[in-house]
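Take a walk through this predicted model.

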Amino acid sequence: MAETANGKGSTKVPAKACPLADKPTEIAENINYHSQFSPHFSPLKFQPEQAFYATAESVRDRLIKQWNDTFMHFHKVDPKQTYYLSMEYLQGRALTNAIGNLNIKNEYADALRLLGHELEDIVQQEKDAALGNGGLGRLASCFLDSMATLNLPAWGYGLRYKYGLFKQRFNKEGQEEIAEDWLEKFSPWEVVRHDVVFPVRFFGHVEVDPKGGRKWVGGEEMQALAYDVPIPGYKTKNTISLRLWDARARAEDFNLFQFNDGQYESAAQLHSGANQICAVLYPGDATESGKLLRLKQQYFLCSASLQDIIVRFKERQTGGGGLRKWSEFPSKVAVQLNDTHPTLAIPELMRLLLDVEGLGWDEAWDVTSRTIAYTNHTVLPEALEKWSQAVMWKLLPRHMEIIEEIDKRFIEFVRKVRPDLETKLQSMCVTDSNPGKPVVRMANLCVVSAHTVNGVAQLHSDILKNELFADYVSIWPNKFQNKTNGITPRRWLQFCSPELSSLITSRLKSDKWVTNLELLKGLREYADNPEFQNEWAAAKMINKQRLAMYVQKVTGVMIDPNSLFDIQVKRIHEYKRQLLNILGTIYRYKKLKEMKPEDRKKTTSRTIMIGGKAFATYTNAKLIVKLVNDVGAVVNNDPDVNNYLKVVFVPNYNVSVAEMLIPGSELSQHISTAGMEASGTSNMKFSLNGCLIIGTLDGANVEIREEIGNENFFLFGATADQVPKLRQDREKGLFKPDPRFEEAKQFIRSGAFGTFDYKELLDSLEGDSGYGRGDYFLVGHDFPAYMDAQARVDEAYKDRKKWLKMSILSTAGSGKFSSDRTIAQYAKEIWNIQECRVP
């Protein structure tokens with residue numbers, strides 16, 4: 001028997017396997033069993049880290065049982081099943097989510113106390129799985145939670161990145177990127193499936209047999225090994241799978257002769273190449289080797305996943321066990337592409353059907369086009385992937401043949417049915433044969449091939465239909481849909497803000513809102529209730545105090561929970577306009593400095609928190625991060641103003657940090673240039689937690705404002721339809737900057753925040769046109785309206801009753817933004833799948 005945490009052995013708990021335990025004493029025995037008989041550490045140690053791994057393995061016992069039951073039930077019933085392909089999943093910590101969804105949180109808390117530990121301390125030991133970067137990956141994870149909760153037959157597929165995107169820390173030069181260490185020891189949640197291995201080929205050439213059949217041969221072949229991460233639904237037996245692929249080379253690919261001859265790198269060349277595939281999310285692609293690696297990652301995900309899907313399709317034979325017809329494939333399989341990264345699933349499914357299964361082109365195309373659907377997540381030109389044809393021919397020669405044939409047939413189809421579009425074909429076709437830089441347009445390939453294309457917010461979908469994909473819409477008007485994004489209310493309210501969620505349950509006299517978020521509308525009748533407002537304020541204050549302790553721990557900055565907590569956390573990008581935020585903050589600081597002490601006391605004290613990662617090669621984004629830190633270093637140490645303003649850059653933003661920041665927030669900034677943010681989902685998380693939004697009419701902000709009420713949203717800025725003309729006016733020299741905007745920029749140039757030269761960043765706001773100039777994201781245009789909106793925030797916050805009412809109405813109006821609603825719509829309107837509940 002292991003000693004408890006206090007090391008005195010005063011409480012002895014036997015080590016006993018109880019994999020399905022639901023009583024605290026039995027759970028404690030099962031945890032202790034894992035600490036001794038699933039050992040990962042030296043004996044006699046049961047400190048928080050050891051306790052976490054043993055606790056996770058105890059929870060995993062139950063998850064595996066439910067996962068097996070779910071798998072067998074799906075196999076028996078043989079429903080149509082959705083397979084969600086995504087390059088990113090931003091899962092966050094799994095322990096709290098798992099015991100919450102399994103409804104055994106209290107039991108595990110009691111069990112850990114028997115072992116001398118507190119659940120809150122054990123939870124902190126878990127590292128976030130480094131499988132994603134931003135909203136794309138977090139959305140995918142919310143969707144998996146909802147698929148399981150709605151008992152839908154669905155799986156996710158992704159890659160098992162060892163080092164993730166990067167861990168963010170800071171030095172004098174600014175942001176520093178270091179490798180994530182989430183797999184430095186191991187992940188207790190994943191289950192390696194040694195029997196699920198598929199070959200994936202790269203390079204090589206195409207052989208043609210005498211009958212005209214084509215086969216891809218040669219090159220290098222790697223192995224895709226499956227790791228399953230169980231995803232439990234909320235208060236249901238259904239537990240689905242996130243299947244992550246890891247790349248391996250075979251033992252026979254290790255050249256012993258070369259190794260013994262001292263040629264160590266050559267001997268393990270294929271093994272080294274395999275290790276690179278799943279090493280890093282979004283490796284730099286400035287070089288050809290970087291481009292090849294990114295393309296390898298995308299193809300590796302698609303090929304392994306489709307081979308796995310086809311095996312499962314064949315395994316689930318019906319009735320007398322006769323071979324299935326391939327025409328049945330779309331009635332049993334739905335493949336959803338999360339953005340353009342998995343686009344190669346289209347030519348890969350065609351290749352498998354044509355070259356491996358022996359189908360003719362027309363039948364293979366019918367199967368493929370009825371199976372695959374595509375979600376577009378961006379209108380940004382640089383994010384609409386275009387791959388060099390030369391790189392594609394080199395890495396995937398057979399797929400390029402198939403893509404060219406798809407393109408050729410599409411052009412023939414358009415010329416036949418819509419000859420009036422002849423002049424548009426150059427922009428609509430899949431391959432752009434520009435002699436200078438011929439590319440494959442992945443978004444075009446998706447639109448041409450998929451049976452359904454959807455945007456992720458109403459405004460975004462309208463832009464897709466009316467602008468980006470307008471010519472395709474004129475051919476296939478019924479192909480395009482909107483599916484406004486959503487978030488899981490389990491992780492993003494119930495689990496991360498227990499005091500607030502308990503208050504909501506108490507007032508609504510039910511916790512059914514957790515799976516039917518529209519029930520939050522019932523809070524509206526309490527919005528003016530003084531007693532409820534006080535309870536609401538108390539719950540929010542607990543979250544603010546918790547956040548203040550976290551900020552001091554990770555940054556050393558002490559912040560006042562009585563100040564307005566103003567937060568902007570998201571990937572750092574110029575279109576998201578963290579630069580607008582910090583320029584406004586600089587102007588605020590300058591005005592505070594100029595005030596008399598008695599006038600400062602009349603202002604609304606603020607703590608402004610910004611967080612997010614800047615991509616390693618994105619110069620301006622990294623300059624914005626440095627500027628925020630430089631401003632904070634001055635403001636936070638200025639005795640004249642630091643009781644009225646603090647500026648904090650919260651490092652290494654991830655899901656666990658978000659779970660601390662979002663419940664503690666009171667104002668959140670979603671201030672992207674209108675028409676550039678597809679949806680956004682952090683805006684939904686903040687709104688759900690009673691945080692008010694200052695923002696533009698962009699992405700899901702439009703729908704959030706409609707749902708919570710215009711009067712509860714601090715709106716400013718140009719609208720999407722005004723942006724093109726404003727840019728044209730700028731090019732004509734018609735823009736006249738606001739004096740406050742010029743004052744803020746000049747204050748930076750004056751050296752008020754140190755000697756670093758921000759000329760390159762500030763130059764992006766100057767001039768009328770030219771690369772990296774001309775203020776493409778309209779920071780200058782929107783600055784005066786932004787400052788006016790911030791003044792309205794200051795006034796509203798002074799009226800405590802008004803602010804609390806707005807906060808309550810924000811939560812009450814967030815019911816639409818549940819991922820349960822979004823996934824139910826996908827299931828019914830795109831995938832055509834039904835509930836398949838484990839009995």
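A residue counts as buried when its relative accessible area is under 20%. By that cut-off, 60% of the 839 residues in the protein chain are buried.

Now the overall form. The C-alpha trace spans about 90 × 80 × 65 Å along its principal axes. The radius of gyration is 28 Å, which agrees with a compact globule, because a globule of 839 residues would come out near 28 Å. The protein chain holds 34 helices and 22 strands. Charges come as 106 positive and 105 negative, and their mean positions lie 2 Å apart.

Next, look at strand E1, residues 81–85. Is E1 mostly covered or mostly open? It is mostly covered, with five of its five residues buried. In a regular strand, side chains alternate between the two faces of the sheet. In E1, one side carries Gln81, Tyr83 and Leu85, and the other carries Thr82 and Tyr84. Both faces are covered, and these residues are all buried.

Which strands pair with E1? One is E10, residues 333–338, which runs parallel to E1 and is joined to it by five bridges. Here glutamine 81 has valine 333 as its bridge partner. Another is E2, residues 154–159, paired with E1 in the parallel sense over four bridges. In E2, tyrosine 157 is the bridge partner of leucine 85.

Key:
Residues are numbered from 1 along each chain as its sequence is written. This is a predicted model: local features need pLDDT of at least 70, side-chain atom pairs count only at pLDDT 80 or more; totals for chains, interfaces and linings use all residues. Side-chain values use heavy atoms; hydrogens and water are left out. Helices (H or I, at least four residues) and strands (E, at least two) are DSSP runs, numbered from the N terminus. The radius of gyration is taken over C-alpha atoms; the globule rule is 2.2 Å times the number of residues to the power 0.38. Buried means under 20% relative accessible area, exposed over 50%, partly exposed in between (1.4 Å probe, protein chains only). Lys and Arg count as positive and Asp and Glu as negative; His and the chain ends are not counted. The place of a charge is taken as NZ of Lys, CZ of Arg, CG of Asp or CD of Glu. Two strands pair if DSSP finds at least two bridges between them.
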